[in-house]
2 protein chains.
Amino acid sequence: MNTQHKTDKSEVILTGDRATGPLHLGHYVGSLKQRVALQAHHEQTILVADMQGLTDNALHPQKVSSNILNVVADYLAVGIDPSATTICLQSQLPALAELTMYYSNLVTISRLERNPTVKSEIQNKGFERSIPAGFLTYPISQAADITGFNATLVPVGDDQLPMLEQTNEIVRKINALAGRNVLNECQPLLSKAPRLPSTDGKNKMSKSMGNTINLGASEKEITAAVKSMYTDPHHVRIEDPGKIEGNVVFTYLDAFHSDESYVQQLKQHYQRGGLGDGVTKRILEECLQEMLRPIRQKRAVYLNDKAQLIDILKAGSQVSREKTDKVLFDIKDIFGLNIF
Amino acid sequence: MNTQHKTDKSEVILTGDRATGPLHLGHYVGSLKQRVALQAHHEQTILVADMQGLTDNALHPQKVSSNILNVVADYLAVGIDPSATTICLQSQLPALAELTMYYSNLVTISRLERNPTVKSEIQNKGFERSIPAGFLTYPISQAADITGFNATLVPVGDDQLPMLEQTNEIVRKINALAGRNVLNECQPLLSKAPRLPSTDGKNKMSKSMGNTINLGASEKEITAAVKSMYTDPHHVRIEDPGKIEGNVVFTYLDAFHSDESYVQQLKQHYQRGGLGDGVTKRILEECLQEMLRPIRQKRAVYLNDKAQLIDILKAGSQVSREKTDKVLFDIKDIFGLNIF
């Protein structure tokens, strides 16, 4: 990939992950595969969001710091290519904090409290009135991330659409103040893949709930995770008809098995009865073992050479620092603050 | 003042002003005189708070940008010496924005809503539920300013004491996280001078209310301001006894006239009757004209050489950037984020 190609790339994409745990199959299906596909044709930046990770982990910051390089290794292991995608670290880009400060004056507290995503997260995390200021205001910080790269396209799940609305509100206010289009409004790029359920079929995947399969999961962990997977609780005898809906094994087969018609046959067999969960789970396990083996191996190689991971993150952060500093300059100009 | 003296200075002082208007006699009495006295014996930094000025002026930012150099000229005109006091510009210190982000995770929204100073300012400004996020959270930004210099002493009016409480709460949380004293708790330095009333005797001084006397006021403006000053509304005939309490002319004579016993005699004369407001106002006017003439002249000379003002601000910001970056490094270390 040479520089000429870079300048021809059509969309400026910003995406990223909170560095609060290793990435798992949910990330793989929901975003990582898409990023690998996008990197050849677009100017893509992935932000490792360590500062945002601290918004609800400030009292146990090692949950963030210990996962930064894991996340970078996850990226490389699934095929994100640092010569095609810029990988950078949020805390290395002071412009993002500065932009957050300027934007904070353009967003009211009541607007933040109405954000449906933040609302439900506040409920889930049990914050009630003890919401850290940094948590309530993180949509402003996300707007800083997105506009700091002047991104035009942001891959999101539909639960994140309110974040892009907030970002575009800020963009319009800034452009109105400037009297010209300094910032781009961004468009969402919704993932076509349905959200992958947790292995217990209950919740969003979460490391702390032990209902995920990490990209770096060992062979044994994969075996155990598939074994304990939620199927159809009323499918007690093999000869009974079984339900496909909500049956996590089939959802995972849909997501990961390469042979769609074979999965279709399995489903029909299961529904009419005579196909046991032991068999479907063995088929899924084989498929996941095969898929995750090379990822796990690559990941281990990368994590064995932390200096290389740091170099990649450092180089990407340097490039990103130049980009975000340029946007900050433009924003400070609107406020008349570039006096020297 | 040589470097040797600098290192011997006992307290690290941080002080500053929002750059939202030229400074006036209220600032002179309340803080500027004190700063001039403190600069010889302490490591004093004055922060021109342009970013904080924007927290309630984002939609008319020229109110801030157009006043930055005015404020610096005010400082120099009253005798603040840039070789003894570091004068810096808040927006030039990215570490302050970054510190604000980290501290935001340690302060809850309800804690901010309980801040009595912010509460009353929200009421005064008529924000109600439309409080900009940057305004509600500005005590966190102030904590970043103070701790960014690791200040030990902060000159404040008593209305600002809740800001220092908030700062010290953050300091204690950071030190607890670090397991050692990374940041200093700061002490307030309360001004001994009573708060100077506005010329109409009603409100806090405010440029927009036209009830101030700016340090750069012209001779005519001083004359007009003293003429319109609030005295004793019941003191109609010269021979009647007049009231001193709430009589702005006497409050100003107390604050600015060099001959205390002469002011004492005037007060007694006024209280027993026979001394007209015309006379007391003429005495005050002479005193203010004499005091403000050299300040106005110096101020004009400084404002005629904006390049010099910018150089002073730039040099002070450079020194301050090094100091605040160092503190930021220590804070990021606590969160485990100095990975390269």
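Trainee: Why is the pair A:Arg172 and A:Glu185 called a salt bridge?
Mentor: The rule asks for a side-chain nitrogen of Lys or Arg within 4 Å of a carboxyl oxygen of Asp or Glu. In this predicted model, the N to O distance of A:Arg172 and A:Glu185 is 2.9 Å. The pair therefore qualifies, since the cut-off is 4 Å. Side chains of opposite charge can pair when their charged atoms come close.

Trainee: What does the pair of A:Arg172 and A:Glu185 tie together?
Mentor: A:Arg172 sits in helix α11 (residues 161-178) of chain A, and A:Glu185 in the loop between α11 and β5 (187-190), so parts 13 residues apart in sequence are joined. Helices (H or I, at least four residues) and strands (E, at least two) are DSSP runs, numbered from the N terminus. Over all chains, the structure holds 20 salt bridges.

Trainee: What are the ground rules for numbering and confidence?
Mentor: Residues count from 1 along each chain as its sequence is written, and chains are lettered from A and ligands numbered from 1 in written order. The model is predicted, so local features need pLDDT of at least 70 and side-chain atom pairs pLDDT 80 or more, while totals for chains, interfaces and linings use all residues; side-chain values use heavy atoms, without hydrogens and water.

Trainee: Where are the two domains of chain A?
Mentor: Domain 1 is 3-196 + 306-334, and domain 2 is 207-300. The bounds come from an automatic or database domain assignment. Their C-alpha centres lie 32 Å apart.

Trainee: How do you know that domain 1 and domain 2 of chain A are in contact?
Mentor: Contact means heavy atoms within 4.5 Å. By that rule, 13 residues of domain 1 meet 14 residues of domain 2. Buried area is the accessible area (1.4 Å probe) that two parts lose on being put together, summed over both. For these domains of chain A it is about 1,300 Å², 73% of it on carbon and sulfur atoms. A:Leu25, A:Ala77 and A:Leu196 supply 43% of the area that domain 1 buries against domain 2, more than any other three residues.

Trainee: What makes A:Arg299 and A:Asp74 a salt bridge?
Mentor: Their closest N and O atoms are 2.4 Å apart. That meets the cut-off already given. The rule finds one salt bridge across this domain interface.

Trainee: How many salt bridges and polar contacts lie between chain A and chain B?
Mentor: Zero salt bridges, but twelve residue pairs in polar contact, both residues at pLDDT 80 or more. A polar contact is a pair of N or O atoms within 3.5 Å; within protein, one must be able to donate a hydrogen and the other to accept it, and residues adjacent in sequence count only if both atoms are side-chain atoms. The largest share of the chain A side, seven residues, comes from α6(A).

Trainee: How much area is buried between chain A and chain B?
Mentor: About 4,300 Å², with 71% from carbon and sulfur atoms. A:Met101, A:Asn105 and A:Phe340 lose the most area in chain A, together 17% of what that side buries.

Trainee: Why is the aromatic pair of A:Tyr252 and A:Phe256 called tilted?
Mentor: Rings of Phe, Tyr and Trp (its six-membered ring) pair if their centres lie within 6.5 Å; planes under 30 degrees apart count as stacked, over 60 as edge-to-face and the rest as tilted. Here the centres are 5.8 Å apart and the planes 55°. The pair is therefore tilted. Both residues lie in helix α13 (residues 248-256) of chain A, four residues apart, about one turn of the helix.
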